[in-house]
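Hello,

Here is the structure we talked about handing over. Please open it alongside this note, and read on for what turned up.

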Amino acid sequence: MQNKGFIRVFTVLLILASLYSLSFTFFVEHAKNNAEEYAQGDFDKHREFMDSVEADEGFYNFLGLRKFTYKECQARELNLGLDLKGGMNVMMEVSIRDMIINLSDRNEQDTMLMKTLDRADELERDGAGDFVASFGQAFEELYPGQNLRLLFLANEDIKDKINFRSTNKEVLAVLTKEAEAAYDNTFNIIRTRIDRFGVAQPNIQKVGERRILVELPGVNNPERVRDLLESSADLEFWETYNAGEVIQVLFDINTLLAETNKINEEQVAETPSEGDNDVTAPADSVSQTDTSELSLKDQILQDTLAQTEATDDKSREEMKRENPLFFHLTPNISRDGRPGIGPVVGYATDKDIVYIDSILALPEVQNLLKEQNPELKLAWSRKAEENGFYTLVALKDLGANRKPALDGDVVVDARPEFSQTSSYASVQMTMNNEGAREWRRVTKDNIDRSVAIVLDGYVYSFPTVQNEISDGISSITGNFTIAEATDMANILKSGKLAAKANIISAEFVGPTLGQESARSGILSFVLSFILVLVFMFFYYRKAGLIANIALLLNIFLVFGVLASLGAALTLPGIAGLVLTIGMSVDANVIIFERIREELAQGKGVKLAISDGYKNAYSAIIDANVTTIIIGIILFSFGSGPIQGFATTLIIGILTSLFCVIFITRLSFELFLEKHLPISFDTKVSRNAFTKFNFDFIAKRKTFYMISAAIILLGIGSMVTRQWSLGVDFKGGRSYIVRVDGERNTTQIAEDLTSVFESAPEVKTYGNLDVKITTDYMINEKGAHVDSIVETKLFEGLQPVLDEDTDFNTFITQNIRQSDMVGPTIASDIIYGAVISITLALLFIFLYIFVRFRNWQYGLGAVAALFHDVLIVLGIFSLLWGRVPFSLEIDQAFIAAILTVIGYSINDTVIVFDRVREITTNYPKRKTIDLFNQGLNGTISRTAITSLTTLLVLIAILIFGGESIRGFVFAMTIGIVVGTYSSLCVASPISFEFLKKKNQITE
C-alpha cells in the first residue's frame, strides 16, 4: 500500500478536527446538565445558573489559544433538527403583487390595476414566468396598445424611474429591479427580526427567486412566530369618528340587505328554485354566559346572543333574514338606542368576522358607504377583549384617499415598557422631527377624541387624546404581554417590509414530541448499530473486528463533519446514518468476500488482501457513486428533514469510503507487519454460499410472471384505492393532537365537520394521538387565519379533551405537531418529486452506460428501478389504513423511494460489474452462463448486505417512533424488492437485450 505515512497523518488530523468540532457540544451539554442538577426543577435557580454561565467570557478555553463564551459554543455545537429538538420551519414567499400595488399608489378598487394583477396570478400559476413578466403579459392581453406607465405616474417616490416617456418594457425593467430590491429588503428585515428574537442556531436563507426559509429550533409558540414573520410593520395613525357620527350607516346597511332578502324571497315564491338566496351565510351559536357582573355594553351583547340561542331554527332563520348584518354584528348602542362613546361601532366573535367582512365587501354595500360617507373606513381590533369579542372601529379617511393621518415611517425607535402598576406592557415610540411636527398637529386637532394606532391593517389601540403631544414620544397600549410588546418593538425597529411576505408552508414540532423522537431515534440507532457490530464479528471474526473499528470511526467522523459544517442532524438524518452503516458494511463485505475468493485459490494472506482490495475497488466505487447521485438530487430538490437526510447520507458515504478503503487496509498492513493472524471467517460462515448455484436466467419467465402479478395487483389498488396523500402533496393543514378521550376517528371527524364546514381526515397516530388533516381556509392568508383554524379545532375536539383543558393549554401541550402547506408550495413539491425521480433514473442510466459502454445494462437497471418503484407504490396503496401506522405519500416517502433506487442500483451494479469481469476473462462463454456465474458469485455479498440492512431498518421500524415509521417501512419494502429485482429482473432484462443484439456469444 502506497503513501501510508500521508494517510496516517491525514487520519490523525481528521480525528483531531472532529474532536475540536464536537468539543463545543460536550461543553454545552455539560453546562445544561449542571444547571439541571443545581436547579432541581426550580426555574429561577436554573435561570440564575445559566445567566452566570452566559456571563463567563472564558466558558471554554481551547488549549489556552482562544476563549469561547457559552453562546459562541452554542452556535458551534452539533445542531439537532426540528423533529428532534422541537421548533418551527417556515417557508415564506415575498408578494410581488403587494409591491406593485404599493408602487402604483392606486386604490385597490382600481379596476385596471386589479384586473391586471388577477390575470398575472393566473399566468404565473400556469408557468408563464416570474410575476413581473406575467404582469406585463396580462396588461398587454387586457389593455393592448395602452401605456403601463399610467399605473405608476401618481407615485412621487419613483417619478425619476417611471415618467411620461417610459415604455412598457422600461416600466417592467424598473419593476424587476424593485422586486429584487424588495426581496433583499424583506430578507434582511426578517433576518434582523430573528436575530433580535433570541433563538439559538436559527437558519434563514433565500430559496429561489422570492422565497425565504426560516428554521427556528426550540420555539414553542407558533402563533408568536407567525405574527413576528408575517407583520409588514405597516404602522399607521388614523383619526376616528365617534360612534354616534357614523353608526346610522350600519343600520342602513342592515335595512338594505333585509330588503334585498325580501325581494329574493318574493322572486323565489314566484319562481321555485333550489338553494337559499340569502345574502349572508348561517352563523354559529355562541354560549350564553352569566351577566350579573357585566358592563352595560357586555349585557347588550349577551342579551342579543341569548335571544339568538333561545329561538328555534325557524326563528333564527327569520332573524337572519330580517337583520342580515346585526345577526352577526352587535352594534355599540345602549338599551335605549343611544350610541356608545368612542370610535367603536360594533362587536363580534372571531367566527362572525369572516361573515361580516363578506357582507361589507358586497358591491351594493360599498356603493351605500360611498354615497353616505366616503371617508369612513372600518377596521377590526387585533385582539379580542376579555369577553371574547373583537371591536369594529370607525376610522376617518380624510379625502377618501385611503391614507392615514400619519404614516409609521416617521418612527425611528421603539422599545417595550413594563408598568409597575399594571400586568400589561406597552411599546414606546420615538418619531423623527418631521413626524413629531405632524403628530403634534394630529393630537392638537383631536383633543378629547380617539386616535387609532393601526399595524398591518388591525387596530391595536385607540387612546383618547388628552392634550397636544409635541415631543414625538408616545406609547402603544393594548393589553400586551411582555413577549407581545417585545416583538412589536422588534418589528417596528427592524423596519417596514417593502413587500409583504406570506407564509406558504409551516411545520411546528412541539418540544415534547421532539424529545420523544430524539429518544426513539437514538435508541433505534444504538440497537441497530450493536446488531451490525455483533453480526460482523461473528461472521468474519478478526476481519469483522477491524471492520467494526472502521465503522465506529466512520460514525465519529460523520458527527464531526456535521458539527463543523453546522448541518442539522434530523430524524431522517439518523435513518441516513443507518443507511451509511449499511453502505459501509456492504463495502467491507465486498472486500472480504473477494479476499476469501483469493484465499480459496491458494494465495497467501498478504497477496489475497492486496488482490481482494484491487478487485473490489470497481464495484465499491460504482455502487457508492450511484448512491451519491441520489443524495445530491435529494439535497437539491428536498427541504428541511429531507435535506438533513441527504446531507448525512452524502457525508456518510464519503467517510465510509475513506474508512473502508484506507483505515481497514492500514489495519491489515499493521497485522501483517506484526505477523499477527488474520481470519476472514468462522466455522459457520466458512462454506456459506460456496456451493450455491441457481439458474436465475433460465427461470426468468417465472420471475416476470411473479413481478407482473404483484405490479398488476398494485396498479389495481392505485386505480381503486389510490393513496393516502400527505399535506405536502395535496395542501392543507395537518395537526397531531394528544387527546384524553376515546380515539373514535369517525366521531371525531363528525364533530370537526360541524366547525370546519367540510369533512377533515382523522387517523389514529401512535398510542395516544390523532392526526387531523383539513383544507379549511387554506387559501386565506395572514397570521390570524391559523388562530381561527386552531380555535375551531379546539371547539370541535371538546368531547375528547379533558374538561380542564383551556385554549392556551391546548395550543401549547395538546398540539404536538402542526403542518401547513399552501396550494402553491404543494404543486411545487409535486413538481420537485417528479423531477427528482426522473433525474435519478436518467443520471443512473447515463452513469451505467458510461461505465459499462453498453446501453443494454443501463436499460435493464432502469427497468428494475421502475419495477421497484411500482411495487412500493402498490404496497402503500394496498396497505394504507390497514396497518397500525401512517402510510402517507409525502416528501419523506419520495426520499425513501430515491433511497430504494440508490440501494437497488447498488445491488445491480455489483452484479453487472462481476458479469463484466467474467466476460473479460472468459469471452467465449455463453451469455447465460456469464450472467448466472455473476449472479451466483455475488450472492453472498447480496445476502449479507441485505440482511444487515434489514436488521437495521427493522430495529428502527420497531423502536424509531411514529413520525419516521412510514418512511422506514417504505425503505424496508424497497430493500426486499430491490434485492429481488437486482437478481431476478435487472440481469434477465439485460440478458434479453444483449441476446437480441448478439453482442456476447451465447
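**Two crossing helices**

Start with helix α8 (residues 168-197) and helix α16 (residues 482-494): their axes come within 9 Å and cross at roughly 145 degrees. The crossing of α8 and α16 is right-handed. On the α8 side, the contact is made by Ile189, Thr192, Arg193, Arg196 and Phe197. On the α16 side, Asp487, Asn490, Ile491, Lys493 and Ser494 take part.

Keep in mind that this is a predicted model.

**The chain as a whole**

The chain has 1002 residues, and 53% of them are buried. It holds 32 helices and 25 strands. Take the contacts between residues at least 6 apart in sequence: 74% of these join residues at least 24 apart. The accessible surface comes to about 45300 Å². Carbon and sulfur atoms account for 55% of that surface.

**Aromatic rings**

How many aromatic pairs are there? The count comes to 36.

Take Phe237 and Trp439. Their ring centres are 4.9 Å apart. Their planes stand at 55 degrees, so the pair is tilted; edge-to-face would need over 60. Which parts of the chain does this pair tie together? Phe237 is in strand β7 (residues 235-240), while Trp439 is in helix α15 (residues 433-445), so the pair links parts that are 202 residues apart in sequence. Are these two residues buried or exposed? Phe237 is buried, with a relative accessible area of 0%. Trp439 is buried too, at 5%.

Now look at Phe537 and Phe538. Here the ring centres are 5.6 Å apart. The planes are at 80 degrees, so this pair is edge-to-face. Phe537 is partly exposed, with a relative accessible area of 29%. Phe538 counts as exposed, at 52% relative accessibility, because the cut-off for exposed is over 50%.

There is also a cluster linked by ring pairs. Its members are Phe535, Tyr539, Tyr540, Phe592, Tyr613, Tyr617, Phe668 and Phe680.

**Charges over rings**

Most residues other than glycine have a negative phi. Two residues to check against that are His675 and Gln722.

Where is His675? It is in the loop between α21 (641-673) and α22 (700-720). His675 is not a glycine, yet its phi is positive, about 55 degrees. Its relative accessible area is 72%, so His675 is exposed.

Gln722 is found in the loop between α22 and β20 (724-725). Gln722 is not a glycine either, and its phi is about 60 degrees, again positive. With a relative accessible area of 47%, Gln722 is partly exposed.

**Where to look**

For a quick tour, begin at the crossing of α8 and α16. Go on to the Phe237 and Trp439 pair.

Best wishes

Technical notes: Residues numbered from 1 in each chain as written. Predicted model: local features only at pLDDT ≥ 70, side-chain atom pairs only at ≥ 80, totals over all residues. Heavy atoms only, no water. Helix = DSSP H or I, 4+ residues; strand = E, 2+ residues; numbered from the N terminus. Buried < 20%, exposed > 50% of the residue type's maximum accessible area, 1.4 Å probe, protein only. Contact = heavy atoms within 4.5 Å. Areas by Shrake-Rupley, 256 points an atom, 1.4 Å probe, with all protein chains shown as cover. Phe/Tyr/Trp six-rings, centres within 6.5 Å; stacked < 30°, edge-to-face > 60°. Axes fitted to C-alpha atoms, helices over the stretch in contact; angles between N-to-C directions. Left-handed = near helix turned anticlockwise from the far one by under 90°.
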